[in-house]
Amino acid sequence: MRVPPAFLTLAEAVICHSDPARFDLAYRLLWRLQTEKHLLGDVSGPDIVRAHAMQKSVGRDSHKMKAFVRFKELPETGDRRRFIAWFEPEHFIVARVAPFFQRRFTDMDWIIATPKGSAVWDGDTLRTSDEAAEKPEIVDDTDDLWRTYFAHIFNPARLKVKMMQSEMPKKYWKNLPEAELIPDLIRDAEQRVRDMAEREASNSMPKFHAALQRRSFPSPPRGEGGA
């Protein structure tokens with residue numbers, strides 16, 4: 001069988017989707033491509049539309065995994081520090097995304113556990129599994145660091161709740177330590193903006209008064225009216 005390279009890229013994403021019909025769709029596209037050479041260019045065809053929607057959803061889920069995995073340190077047992085993270089993906093993307101974490105955190109041992117599989121890096125070998133994992137109940141000092149960081153970067157004057165929830169959907173909040181702050185930050189945003197405006201106005205009054213005084217009573221030229 002022969003297929004264009006674009007099909008391999010598309011199929012790799014489609015088979016990571018959680019839809020039980022994903023393999024049927026991938027096989028149907030493979031079969032059709034043997035006689036319909038330009039099938040992938042038919043962007044209005046139902047199979048192609050569905051395949052691209054799956055690919056987009058898997059890509060979005062992969063992006064969220066890279067953004068929202070939070071490692072927690074495990075007790076030391078050797079020379080290398082050990083970490084574990086819990087994430088709840090929508091699709092079967094663990095093996096797809098695990099190399100990203102291997103490249104980024106190659107100097108530490110870690111486990112990423114999810115209901116749709118796990119990834120383990122020991123400094124030498126990256127291993128993945130499709131078996132569902134159980135959520136570990138671990139809390140460490142980094143939880144407070146995440147809360148402190150998020151509270152400091154939160155700008156109430158630029159708050160757009162719908163956009164924020166689009167970037168950080170609520171389904172991820174329960175596993176993000178900093179998300180505990182979001183309801184209170186949203187609730188207090190308007191008052192904080194008013195407080196900021198009042199402080200800005202108060203701080204600007206002396207500067208405005210000084211500028212007005214200089215304009216109304218300019219200093220005499222050097223050498224005139226003074227020593």
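Here is a short chat about reading the strands, salt bridges and surface of this predicted model.

Colleague: Before we start, what should I keep in mind about the model?

Modeller: It's predicted, so local features need pLDDT of at least 70 and side-chain atom pairs count only at pLDDT 80 or more, while totals for chains, interfaces and linings use all residues. Residues are numbered from 1 along each chain as its sequence is written, and side-chain values use heavy atoms, with hydrogens and water left out.

Colleague: Let's take the sheet. What is the order of its strands?

Modeller: Strands are DSSP runs of E, at least two residues, and helices are runs of H or I, at least four, numbered from the N terminus. Two strands pair if DSSP finds at least two bridges between them. Here you have an open sheet of 5 strands, ordered β1-β2-β3-β4-β5, with mixed pairing. β1 (72–73) and β5 (126–129) are at the edges with a single partner strand each, so one side of each has no neighbour in the sheet.

Colleague: And which way do the neighbours of β3 run?

Modeller: Strand β2 (residues 82–86) pairs with β3 in the parallel sense over 5 bridges, with I84 opposite I111. Strand β4 (residues 117–121) runs antiparallel to β3, also joined by 5 bridges, and there W110 faces W121.

Colleague: Why is β3 described as largely enclosed?

Modeller: Buried means under 20% relative accessible area, exposed over 50%, and partly exposed in between (1.4 Å probe, protein chains only). In β3 (residues 109–114), 5 of the 6 residues are buried, so the rest of the structure largely encloses this strand.

Colleague: On to charges. How many salt bridges are there?

Modeller: The general idea is that side chains of opposite charge can pair when their charged atoms come close. The cut-off is a side-chain nitrogen of Lys or Arg within 4 Å of a carboxyl oxygen of Asp or Glu. The structure holds 7. One of them joins R50 and D19, with the closest N and O atoms 2.7 Å apart. That pair links distant parts of the chain, 31 residues apart: R50 sits in helix α3 (residues 46–68), D19 in the loop between α1 (5–14) and α2.

Colleague: What about R22, buried or exposed?

Modeller: R22 is buried, yet has no salt bridge. Its nearest side chain of opposite charge (Lys and Arg count as positive, Asp and Glu as negative; His and the chain ends are not counted) is D19, 6.4 Å away. You'll find R22 in helix α2 (residues 22–32).

Colleague: Where is W31, and is it buried or exposed?

Modeller: W31 is in helix α2 too, and it's exposed, at 54% relative accessible area.
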